[in-house]
Amino acid sequence: MTRSFSTPRRHVLRGLTLLALGAGIASASLAQAWPAKPIRLLVPYTAGSPPDMSSRVLATHLAASLQQPVVVENRPGAIGVVALQELLRQPADGHTLFCILTPVTTASTLLPAQKIDLGKELQPVSQMNRIATVLVVNNDLPATDMKSFVALLRAKPNQLNFASTGNGTPAHLAGELFKSQEKVQAAHVPYASFSQSVPDLLSNRVQFMFMTSSVAVPLVNSGKVRALGIVGPNRLPILPNVATLAEQGMGKIDTSSWDGIVVKAGTPRAIVDRLNTEIVRILDKPEVKARFVEMGMQAVSSTPEELGALIESETVRWAGVIKAANISAD
């Protein structure tokens, strides 16, 4: 015997259906109304840095797509926390974007007092790029490949110095990961910026550095430094003759970095999806891909969920390196 719903139950189900329909219509309307004003894109690094350059390319195309200005604001400091705090002060309405990058995933470990929880505070939108790491050395160093370089480090423990742009930065973490894998010792010298570290590398005050490809490529191609290897899974099209560390028998170490776009948690999903659609479309443009290659990086998009998984995995990965090497933010 088939039983029919009671009248009250039918009314409840009908009400829930109308509520869901109304929410869908409201969400679609919200996405159509957004953006209602200029959009801010917060970059936690200085002007001219790799995340700044890629963000400005994206901002130009995003402004054309959304018919609203997209203004890049540089807010460096505290491993990205200065810019992150500015994002969290704003409404979760999609009018403030944040360029998240590898160093930001280390902030919760390096700055525990800040009580940072990226998984709860941020809503991922899309990855933006992938940037390879290049191991470069001073031209006077008597090493022409990775095997001779490792042999030199083992013969002179802690006598060679490597530069970074600060404690806990990708260049520092890459150096510590490399030291651990190859069982070598070298002294870390932190600088405040690339503009300070590069002259000392050229003058042999420091002997090597793990550089993002966007910074390394111009120096290598101009003959100012020597590239010994790509610290990642693949060679770079812009440096085709530089082999990966794995190709040279150094293991599958990968210290590639990346940038992505996130918004404040609680931003309506309709806005997140619209942003993702636009960013994916922009990063697939041939001219954008070519421009990223010129800057020493690869245009890479993703779903919000894929970027969320990347942020989580990188947070765990680098926390392990930081704790093993006893790195502090000071």
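How many residues line the second largest pocket, and which of them lie nearest its centre?

Modeller: This is a predicted model, in which local features need pLDDT of at least 70 and side-chain atom pairs count only at pLDDT 80 or more, while totals for chains, interfaces and linings use all residues. Residues are numbered from 1 along each chain as its sequence is written, and side-chain values use heavy atoms, with hydrogens and water left out.

The second largest pocket is lined by 17 residues, and those nearest its centre are Ala-132, Arg-235, Leu-236, Pro-237 and Gln-298. A pocket here is an open set of points on a 1 Å grid over the protein atoms alone, where a 1.4 Å probe fits, with protein on both sides within 12 Å along at least five of seven lines; lining residues have an atom within 4 Å of a point. The volume of the second largest pocket is about 300 Å³, counted as the space filled by probe spheres on grid points joined across faces, edges and corners. Its lining comprises nine nonpolar, six polar and two charged residues. Nonpolar covers Ala, Val, Leu, Ile, Met, Phe, Trp, Tyr, Cys and Pro, charged covers Asp, Glu, Lys and Arg, and the others, Gly among them, are polar.

The largest pocket holds about 720 Å³ of space. It has 40 lining residues, and Tyr-45, Ser-49, Thr-165, Thr-169 and Phe-194 come closest to its centre. Two or more lining residues are contributed by each of α2 (50-66), α7 (170-182), α8 (194-202), β8 (208-212), α9 (213-221) and β10 (257-264); helices (H or I, at least four residues) and strands (E, at least two) are DSSP runs numbered from the N terminus. By class, 22 residues of this lining are nonpolar, 16 are polar and two are charged.

Strand β10 also belongs to an open sheet of six strands, ordered β2-β1-β3-β10-β4-β11 with mixed pairing; two strands pair if DSSP finds at least two bridges between them. Strands β2 (70-74) and β11 (298-299) have a single partner strand each and stand at the edges, so one side of each has no neighbour in the sheet. Gln-298, already named beside the second largest pocket, falls in β11. Within this sheet, β10 is antiparallel to β3 (residues 96-101), with four bridges between them, and Leu-101 has Asp-259 of β10 as its bridge partner. Strand β1 (residues 39-43) runs parallel to β2 and is joined to it by five bridges; Arg-40 is placed opposite Val-71 of β2. In the loop between α1 (7-33) and β1 lies Pro-35, whose peptide bond with Trp-34 is cis, with omega of about 0°.

Strand β8, which supplies residues to the largest pocket, is part of a further open sheet, whose five strands follow the order β7-β6-β8-β5-β9 with mixed pairing. Its edges are β7 and β9 (226-230), each with a single partner strand, so one side of each is left without a neighbour in the sheet. Strand β6 (residues 161-164) and β7 are parallel and share four bridges, and the bridge partner of Phe-162 in β7 is His-188.
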